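Please look over the sequence and the model shown below.

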Amino acid sequence: LSEIEQLIRQDLGLEIAVVRVGGWDSHQAQVESVEPLLQSLGKSLHGFYRAVGDAVERITVVVMTEFGRRVAVNLAGGTDHGRGTVMLLLGGGIRGGQISGRWPGIRPDQLDDNGNLRVTTDFRDVLAEVVSSRLRNTAIRSVFPEFTAAPLNICRPL
């Protein structure tokens with residue numbers, strides 16, 4: 001993030017940057033392994049937000065994972081791959097301070113047939129809104145072919 005912050009400050013026309021952070025794919029003792037990762041993520045995002053200063057008004061940060069987790073804890077004190085996940089958005093163009101989406105519940109009768117959380121928001125809806133509102137690219141079908149986005153009203157246009 002510090003390298004991205006430097007590129008932003010140099011105003012080189014950076015439009016998209018990706019940061020990969022490993023270590024999240026743990027299936028055991030997650031209470032011990034995930035907490036330090038969450039602490040680091042929070043501190044890094046806070047530091048980035050402060051470092052970019054006024055440029056934050058034209059920046060959108062999306063934090064997401066490529067896999068979700070199951071509801072049930074496995075025998076090793078972890079969770080296996082499933083569908084439960086969240087996305088975090090940060091930036092001046094985000095209508096923040098809210099949780100978007102609908103909580104599906106975790107009672108057994110509220111889970112899908114495989115014991116996973118029911119999906120209530122397609123990640124493409126979130127990304128499509130960021131692409132159209134923040135990058136001003138309204139050709140969403142070229143980004144997500146055969147997908148019709150549902151507006152979430154989470155971003156303000158640039």
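Predicted model: local features only at pLDDT ≥ 70, side-chain atom pairs only at ≥ 80, totals over all residues.

Residues are numbered from 1 along each chain as its sequence is written, and side-chain values use heavy atoms, with hydrogens and water left out.

Helices (H or I, at least four residues) and strands (E, at least two) are DSSP runs, numbered from the N terminus. Leu1 belongs to the segment before helix H1 (2-9), and its relative accessibility of 34% makes it partly exposed, where buried means under 20% relative accessible area, exposed over 50% and partly exposed in between (1.4 Å probe, protein chains only). Together with Val19 and Val21, Leu1 makes a nonpolar surface patch of about 240 Å²; patches are made of residues with over 30% relative accessible area and no salt bridge, nonpolar side chains (Val, Leu, Ile, Met, Phe, Trp, Tyr) being joined within 5 Å and like charges within 9 Å.

Within H1 itself, Ile4, Glu5 and Ile8 are buried. They lie on the same side of H1 because they cover an arc of only 100° around the axis, the arc being that of the directions from the helix axis to the C-beta atoms. Helix H2 (30-52) is included in what covers these buried residues, whereas the exposed residues Glu3 and Arg9 are carried on the face of H1 turned away from its buried side. Just after H1, Asp11 takes a positive phi of about 50°.

**The loop between H1 and H2**

Ser26 lies in the loop between H1 and H2 and counts as buried at 12% relative accessibility. Leaving aside neighbours within four places in sequence, Ser26 is in contact (heavy atoms within 4.5 Å) with Ser33, Arg69 and Thr79.

**Salt bridges**

A salt bridge is a side-chain nitrogen of Lys or Arg within 4 Å of a carboxyl oxygen of Asp or Glu, and by this rule the count comes to 5 salt bridges; the table gives some of them.

| Pair | N to O distance |
|---|---|
| Arg69 and Asp25 | 3.4 Å |
| Asp109 and Arg107 | 3.1 Å |
| Arg124 and Asp122 | 2.7 Å |

Arg69 is buried at 14% relative accessibility, while Asp25 is partly exposed at 45%.

Definitions and conventions
Areas by Shrake-Rupley, 256 points an atom, 1.4 Å probe, with all protein chains shown as cover.
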